[in-house]
Amino acid sequence: MDTGSPQDTGPDVAQGTVEAAGGEPVWIALPPGLLKMRRLLLVVWLGLITLAAGLVPGLLAGPAWAAFALPPLALLVWGWVMTERNWRSWRYAERADDLLISRGVLWREETVVPYGRMQLVEVTSGPVERHFGLASVQLHTAAAATDATIPGLDPAEAERLRDRLTELGEARSAGL
């Protein structure tokens, strides 16, 4: 069921076309700013832990005890690679009747949110996201278990998506 690379986006995406020529959805990948933000947070937090785990025992008990810095350092390297894999797994597609959100590396999860079931579309941006020029779109439906969030979008794309989803949601729910 591979529809191509998550980086593949056709020229029709900006014009609101929801399906490619073959009837397959046009998947839109998340911008690289999200990867940069997540990697920076990883380096800051695990870098501090690595420094503390090596410096404190090394100064107090001797240089051999500085080896305690190796596990957090290995975790930082592993997290660096896994952060990119996770970022590449996120993508979304707008179809005629619903929004698809796909994510996950080991456990693939695809959420389908029908436009007519949407009750609220929020655009949020915390301080770190704002610093990196990112925003998240969160969809609320009648089902409490629905976790439909698209993180790390450009603010203009997040607002466009919010407006489009709200418009489609109102049109689809008018008959209910």
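User: In which helix do Arg-88 and Glu-84 lie, and how many residues apart are they?

Analyst: This is a predicted model. Start with the general idea: side chains of opposite charge can pair when their charged atoms come close. Now the case here. Arg-88 and Glu-84 both sit in helix α2, residues 70–89. They are four residues apart, about one turn of the helix. Their side chains meet in a salt bridge, 3.0 Å from N to O.

User: How many salt bridges does a search of the whole structure find?

Analyst: The search finds eight. One of them joins Arg-103 and Glu-109, whose closest N and O atoms are 2.7 Å apart. Arg-103 counts as buried because its relative accessibility is 9%.

User: Which salt bridges share partners?

Analyst: Begin with Arg-160 and Glu-157. Their side chains meet in a salt bridge, 2.9 Å from N to O. Both lie in helix α4, three residues apart, so about one helical turn separates them. Arg-160 is partly exposed, with a relative accessible area of 24%. Glu-157 is partly exposed too, at 22%. Salt bridges that share partners then join Glu-94, Glu-157, Arg-160 and Arg-164 into one network.

User: What pattern does the protein chain follow along the sequence?

Analyst: Read the helices and strands in order. The pattern is β-α-α-β-β-β-β-α-β-β-α. That gives four helices and seven strands. Of the 176 residues in the chain, 36% are buried.

User: Which residues have the most contacts inside the largest nonpolar core?

Analyst: A nonpolar core is a set of buried nonpolar residues joined through their side chains. The largest one here has 25 residues. Those with the most contacts inside it are Tyr-92, Leu-99, Ile-101, Leu-139, Ile-150, Leu-153 and Leu-165. Elements giving two or more residues to this core are α1 (32–61), β3 (98–103), β5 (118–124), β6 (135–141), β7 (148–153) and α4 (155–173). The largest share, four residues, comes from α4.

User: What does Ile-150 touch?

Analyst: Set aside residues up to four places away in sequence. Ile-150 then touches Leu-30, Trp-90, Tyr-92, Leu-99, Ile-101, Ala-135, Ser-136, Val-137 and Leu-161. Take Leu-161 next. This residue is found in helix α4. Leu-161 counts as buried because its relative accessibility is 0%. Beyond its neighbours within four places, Leu-161 contacts Tyr-92, Glu-94, Val-137, Ile-150 and Leu-153.

User: Which residues make the nonpolar surface patch?

Analyst: Leu-40, Leu-41, Val-44, Trp-45, Leu-48 and Val-128 make a patch of about 550 Å². Helix α1 supplies the largest share, five residues. Val-128 lies in helix α3, residues 127–131. Val-128 is partly exposed, with a relative accessible area of 37%.

User: Which residues does UniProt list as "transmembrane region"?

Analyst: Treat a record as a label, then check the model. The unreviewed UniProt entry lists residues 40–58 and 64–81. In the model, residues 40–58 are 100% helix and 0% strand. Their end C-alpha atoms are 26 Å apart. Residues 64–81 are 67% helix and 0% strand, with end C-alpha atoms 28 Å apart.

Definitions and conventions. Residues numbered from 1 in each chain as written. Predicted model: local features only at pLDDT ≥ 70, side-chain atom pairs only at ≥ 80, totals over all residues. Heavy atoms only, no water. UniProt positions renumbered as here; feature names shortened; annotations may be inferred. Core = buried A, V, L, I, M, F, W, Y, C linked by side-chain atoms within 4.5 Å. Buried < 20%, exposed > 50% of the residue type's maximum accessible area, 1.4 Å probe, protein only. Contact = heavy atoms within 4.5 Å. Patch = residues over 30% accessible without salt bridge, like charges linked within 9 Å, V, L, I, M, F, W, Y side chains within 5 Å. Areas by Shrake-Rupley, 256 points an atom, 1.4 Å probe, with all protein chains shown as cover. Salt bridge = Lys/Arg side-chain N within 4 Å of Asp/Glu carboxyl O.
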